[in-house]
Amino acid sequence: MTTSPTPPRLHTTRRGLDHGTFPMRLWAKAKAHGIWNPQDIDFEQDRRDWEKLNELERDVLLRLSTLFQAGEESVTVDLLPLIGVIASEGRLEEEMYLTSFLWEEAKHVELFDRFLREVTQYQGDLSGYFTPSYSIIFEQELPTALAQLRQDASPEAQARASVTYNMIVEGVLAETGYHAYRHMLERNGILPGMQQAVRHLQRDESRHMAYGVYLLSRLVAEHGDGVWRAIEERLAELLGPAILLIQELFAAYDTLPFGLELEQFTEYAIGQFQKRSQRIEKARGKTLADVSSAQPSAA
């Protein structure tokens, strides 16, 4: 008995790539602006500046950098199921952009690893900086929401995963962390290498968050209010722990260095959260074309 040859698989490229889609515009920006090497950051002055900082200033920077390093490692490990779902749906343009997304997250891991080893030169156990709310988000909610996509690729599950990753981890926590770095480093004229690195990091993350807003908006436009309810519920579940994580970071100190004020950062975090959730809500009742054209340009 002879076996018929397997017919050739039809690829989405038969229709050609649609360079006008928002994911392809992000892909173009990732190629233009995302090509930077963590090994090229010059930390020589940073090491000299670090030696001049007092113990409190070092501890705040070490705490923030430790949380970033662990967080970047978590998101790098956890992203693959989302890429798999997008690929399985044949959304080639989105999958192409997401390859740069994962690559950039891996570079962020490398950058913070260099900073901790070469600038702070800390060799002890840093796990004491992980607060209860940090563990809830990064050790429970993030890996669970993304891993769930392997069993449940429904629009609602995709929405819960993207809210966790893009809206909370990136849109609230990472953005607030970059705001803190800028406040400490730029205003005090210290650690120029890390200042340059943060600019690269924030530019990458702006594209990541833009994709997250697009993805959630697309899911709402395609699948209606059931997805919007899933988004609202997930936002309500995670905003509290996210704000508490920011408060826990600063609560470790009786006096904050660098002129830091807790209220400034909690207000910033809530503002970023509200701005993006309002943009997603506008997708209710819109078409896919409306959603794509409404996305602002990212860095």
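Biologist: Is H183 buried or exposed, and what is its relative accessible area?

Modeller: In this predicted model, H183 is buried, because its relative accessible area is 6% and burial is taken to mean a value under 20%. The residue is found in helix 7, which spans residues 155–185.

Biologist: Which residues is H183 in contact with, once its neighbours within four places in sequence are left aside?

Modeller: The partners of H183 are then N188, F258, G259, L260, Q264 and F265.

Biologist: How many helices and how many strands does the chain have?

Modeller: There are 11 helices and 0 strands, and the elements, read from the N terminus on, run α-α-α-α-α-α-α-α-α-α-α.

Biologist: Which residues of helix 3 and helix 5 meet?

Modeller: An idea to keep in mind is that an α-helix has 3.6 residues a turn, so residues three or four places apart point the same way. From helix 3 the contact includes L62, S65, F68, Q69, E72 and V75, and from helix 5 it includes L102, E105, V109, F112 and L116. Sorted by class, the contact of helix 3 with helix 5 has 9 nonpolar, 6 polar and 4 charged residues.

Biologist: Which residues of helix 4 are buried, and what do they pack against?

Modeller: In helix 4, which covers residues 80–88, the buried residues are P81, L82, I83, V85 and I86. They pack against helix 3, helix 5, helix 6 (132–147), helix 7 and helix 8 (192–223). Just after helix 4 comes G90, which takes a positive phi of about 75°.

Biologist: What radius of gyration would a compact globule with 299 residues have, and what does the chain have?

Modeller: The value for such a globule would be near 19 Å, and the chain, with 20 Å, agrees with it. Along the principal axes, the C-alpha atoms fill a box of roughly 75 × 40 × 40 Å.

Biologist: What share of the residues is buried, and what share of the contacts with a separation of 6 or more joins residues 24 or more positions apart?

Modeller: Buried residues make up 53% of the 299 residues in the chain, while residues 24 or more positions apart account for 85% of the contacts with a separation of 6 or more.

Key: Residues numbered from 1 in each chain as written. Predicted model: local features only at pLDDT ≥ 70, side-chain atom pairs only at ≥ 80, totals over all residues. Heavy atoms only, no water. Contact = heavy atoms within 4.5 Å. Helix = DSSP H or I, 4+ residues; strand = E, 2+ residues; numbered from the N terminus. Nonpolar A, V, L, I, M, F, W, Y, C, P; charged D, E, K, R; others polar. Rg over C-alpha atoms; globule rule 2.2 N^0.38 Å. Buried < 20%, exposed > 50% of the residue type's maximum accessible area, 1.4 Å probe, protein only.
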